[in-house]
Amino acid sequence: MYTYDTLTEDLAALADRYSFLTVSSIGKSLVGRTLPLVTVGKGKKGVLYVGTHHGMEWITTVLLVKYLKEYCTAIEEKRRFFGVSAEYLFHHRTVSVVPMLNPDGVELQCKGRDPENPLTDRLAAMSGGDFSRWQANGRGVDLNHNYNAGFADYKAKEPSLGIFGGGPTRFSGAHPESEPETAALCAFIRAADVGLLLALHTQGGEIYADYNGYLPKGASVIARRMSAMSGYPVATPEPAACFGGLKDWFILEYDRPGFTIECGKGVNPLPESDAPILYETLRGILLTAPTFI
């Protein structure tokens, strides 16, 4: 398992090792944990990668940390990857990474309780005392249904899906951006110039590129390139997953390419031992996505 504490240690080591990498924050989680933001590059054009919307999808954070290590090493050593100069990319693009948007959910899923969260007993009642399948944040809100993209439509559907309040998964919250994690991320995006967004999830081995059938200019070509690199097909998510997601909001709000990548296959949480093969599958996308804009 890859915890928030492990991430904090890894980012401190990266910041110490690479002077050109900046670790800051977009805000704090519900419980008060800092939400790290890692920035590499000097370019005006920017891309954003986001991991671990869901507590039991912490392996996506592992993948993003692996990416940061490889990219920074390539910059330092002036290497090329997939025909791209890392040094050139550093000077002409800015890569922003939010590696773990939901640290409170990760804490619950990995450790079974969160003594720092005063709602833990209430959350335990929601989950039947078992946090092994926990996706939501520290209030029982599914962060990837908490964005303002079809939010009202999804809220109307919740009772038919058996959702009547907070729980381990799929509850959208009181209103869009009701949660400090999603509000912080949206505020960052509004203040930044994000030309392309990648949201990493698990599992299914698929790429989602549209919002209700709509594709921003250039998104179809980018999706095909990412599919060819990874072997993941471009697909349409199940109906319940078509509302309130980050890439949906990004497409709707900015009319720019946004993608959800469902990494790997199996049963969540995917074991950390899957991370090397998952990274090999996705490294082409992660390393070259800044060139897509």
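The following legends describe close-up views of a predicted model.

Local features in this predicted model need pLDDT of at least 70 and side-chain atom pairs count only at pLDDT 80 or more, whereas totals for chains, interfaces and linings use all residues. Residues are numbered from 1 along each chain as its sequence is written, and side-chain values use heavy atoms, with hydrogens and water left out.

**View A. The largest nonpolar core.** This core (buried Ala, Val, Leu, Ile, Met, Phe, Trp, Tyr and Cys residues joined through side-chain atoms within 4.5 Å) has 56 residues, and those with the most contacts inside it are Tyr49, Tyr67, Tyr71, Leu198 and Phe259. Its largest share, 11 residues, is contributed by helix α2 (residues 59-76), where helices are DSSP runs of H or I with at least four residues and strands are runs of E with at least two, numbered from the N terminus.

View B. Arg33 forms a salt bridge (a side-chain nitrogen of Lys or Arg within 4 Å of a carboxyl oxygen of Asp or Glu) with Asp114, the closest N and O atoms being 3.0 Å apart. Arg33 lies in the loop between β1 (21-28) and β2 (34-41) and Asp114 in the loop between α4 (103-111) and α5 (120-127), so the pair ties together parts that are 81 residues apart in sequence. Arg33 also meets Glu116 in a salt bridge of 3.9 Å, N to O. Arg33 is buried at 6% relative accessibility, whereas Glu116 is exposed at 55% (buried means under 20% relative accessible area, exposed over 50% and partly exposed in between, with a 1.4 Å probe and protein chains only).

**View C. Glu77 and Arg79.** The side chains of Glu77 and Arg79 form a salt bridge at 2.5 Å, N to O.
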